[in-house]
Amino acid sequence: MVGKLPQHASVVVIGGGIMGCSTLYHLAKLGVTDAVLLERNKLTSGTTWHSAAQVRALRHSRNLTRMIQYSVDLYSQLEKETGQSVGWIQKGSLSLATNPDRLIHVKRQEALARAYGINASSISVDEARERWPLMNADDVLGAVWSPDDGRVSPNDVCAALIKAAKTAGATLFEDTGVTGVITDNGRVTGVETTQGTIKCDAIALCAGLWSREIGAMAGAEVPALACEHFYLLTKPIEGISGNTPTLSDHDNHLYIRDDSGGLLVGCFEPMGKPIKPGVLDANFEFGLLPEDWDHFQPMMENALHRLPVLEEAEVKMLLNGPESFTPDGTFMLGETAETKGLFLGCGMNSVGLASGGGAGMNLAHCIVHGAPTYDLSEADAKRFAPVFNSIEHLMARAPEILGTHYDIAYPAKQLNTARGLRRLPLQTEHEKHRPFTGQYFGWERPLYFNAASAPKLTFAKPDWFENVKDEVMAAHEQAAVFDLSSFGKIDVTGCDAEKFLMKTCAGYLDRPSGSVIYTSVLNERGTFESDITVQRLSQEHYRLFVGTTAIKKDLAWFRQCASDGGNAYEVKLTDVTEDYATLALMGPDSMSIAKVLGAELQSLGFFKHAETYLAGIKVRAARLSYVGEAGWEITCPSSDVAPLYRALLKAGATPAGLFAQTSMRVEKGFRAMGHELDSDVTPNDVGLAQFTRKTGGFIGFDALSQNGLPDSSHQVVSLRFDDLDIVPLGHEPVLMAGEIIGKTTTCAYGYRVGSPIALAQTTHKLSTGDRVTVDIAGVHSSATVSIEALFDPSGSRMKVTDSL
């Protein structure tokens, strides 16, 4: 219907696909009964209507899995709530493995399923054949059966969600296209449409294929691009009766299920076909793209191998429908950094129906309460560097992302397209030492050096094992230099700098000039927004060092805090990331190297910094260590770092990469955002309560006080494995006496302790010396618990009192 738009709505939802309908439904459930949904054409007319609509619960993280489990629960009860059928068919899914590494991959998924409370189990080839009698199983090595997976009818689900939302007071306007977004001082205030203008307090941008275009109207970056997505539909086939499980043949890039007595054979081919902006215009309503049999032919051959019955099948059509993809294959959810009040729920990467129920619930919660119901930082709308919003880079990356949909999750696997987007100040110097790099926020960070070629992808002992060992031992026995220049750097200046940081940070930011302070940055719930290191340069000048991928998010957070609630602070926040380079010189020889290069740093205490000269270059040296060896983090202008780096190497330091740093971090038991720390845990939960001020006065203190003392049963512990050849990767279930009590968070080989190691989150009270097992792809590997760091040399120990 097209009626008269209201003059104002608390929230305007743009887009009538699954994400828009789910968001409207959940906004109404949360009491936002004046919310409206604007759809340019008709409900589901973009991508949703042609979705294969599979709902497979298991994802690579607990909270993404939890989100889809919510979708399953929602879809299964919508019919009862609304009287509208949603076409929920729960016949399970069968994941095949046709090579040894895929078998490891699916067994890792099975272990994850158990940790996340999902019903999944390994079955034999014969059992797999029984569940799918039409398949050729000659090359199948094993399979995992997930009985609770299913599928829905896309149109019916959306109709049910809208029916319930309308009952609660929300309104739908079809045939109402968005022509502009009104902003004032960086905040949305309204939406211009083909039917008039509507004022609003917030926008939920769920426009699927057109989200990037509408985001640009509001001055926001929405890096998503459409690609062609294919599935084959056949006429009825003998042997197909009723509904079948979904057959996931990921080694052949296929998913297969019944459809109206025939078969639906879909694919995520290794390299997709991008769609240039402008091809999908305002008239693309319930539209499809031309069949492309030449492109589909390799997938067709794979399908004929798996299902010989297809040789005699009559083709109904080769459906080619567009889907939108992001640069990393995960959707975008939450408020944008550029425009306040603009919330993204888009870039669904062909899992919109599976994710939509839970994602819409979390997006509504973001809008109403300021955060999702649980940590979804992997989907944070602020996680992409601006360079990824380039059409050139999206056209290169999106087709590869489509092809990674069914990838084996190898450690150290890197994407190939849209690389070299941002150059570290030392990139030319690094290239002299043959680095293998990983892309982080667009930067190419060395993972390790002296790489003869790209590493072989494997779950076994990696071929870079000795490279990383050499780097770790250099830092342990002589000296190594780590390039930290990609870390975000924010200068906070002004007469209210201390007051502002004492409010926004939980640590001791009132320390005098020359101090280095580690601090958590908490939200009102008392959980982590970030953890950072701060250098106080003067009374009114601080420099914050934040994670490489966190700069956009953290800068937006601090800017919001600086102006929220009408209590504006007299501070200026400046992103100086590219102005300064940072090197970590670590190891027992670091003191002598510094002395050779003209610096006298032996008197500089832990968590102190001072200006000095190294190799004739003015630097700021801070005494702290992320790797458990004595040394300094050295900051200088980016233009000066190349000669400084060359001088450090000439004086005896060895280049070291991120893999060595991670190994040493885990040995030291240091927590990291995105691994041990996230917005689901407080400092009390992860053993960092000592770094928070007991006197309060910071965001999150009230929540911490209400929660009381640290929960002794919630811990981050270190694990040391017995089996020297096991290769843990993270997200593996930790068990004691056969009961799952936690999961690994970061894993590595501990070169200084001589065994595989891990950090793990547990929900049971553990003590040093306790024995646990870790389920690594079905192999239960024994490990010993340590509450203290596995490696802590007395010469480099940083005591808590030194940092307070």
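This is a predicted model: local features need pLDDT of at least 70, side-chain atom pairs count only at pLDDT 80 or more; totals for chains, interfaces and linings use all residues.
The buried residues of helix H16 (residues 658-668) pack against strands S20 (436-440), S21 (443-448), S22 (480-483), S35 (739-750) and S36 (755-762) and against helix H11 (465-477), where contact denotes heavy atoms within 4.5 Å. Residues are numbered from 1 along each chain as its sequence is written, and side-chain values use heavy atoms, with hydrogens and water left out. Ten of the eleven residues of H16 are buried, and the helix is thus mostly covered; buried means under 20% relative accessible area, exposed over 50%, and partly exposed in between, with a 1.4 Å probe and protein chains only. The buried set consists of Leu658, Phe659, Ala660, Gln661, Ser663, Met664, Arg665, Val666, Glu667 and Lys668. Glycine 669 follows H16 and has a positive phi, near 75°.

Strand S17 (residues 315-325) is largely enclosed by the rest of the structure, because eight of its eleven residues are buried. Strand S12 (residues 225-234) runs antiparallel to S17 and is joined to it by ten bridges; two strands pair if DSSP finds at least two bridges between them. Within this pairing, leucine 318 of S17 is the bridge partner of leucine 232.

Threonine 246 lies in strand S13 (residues 246-249). Threonine 246 is buried, its relative accessible area being 5%. Apart from neighbours within four places in sequence, the contacts of threonine 246 are Gln54, Gly92, Ser93, Leu94, Trp132, Ile256 and Arg257.

At the level of the whole chain, 18 helices and 38 strands are assigned, taken as DSSP runs numbered from the N terminus (helices, H or I, at least four residues; strands, E, at least two). Along the principal axes, the C-alpha atoms fill a box of roughly 80 × 65 × 50 Å. Of the 804 residues, 61% count as buried. Among contacts between residues at least 6 apart in sequence, 73% join residues at least 24 apart.
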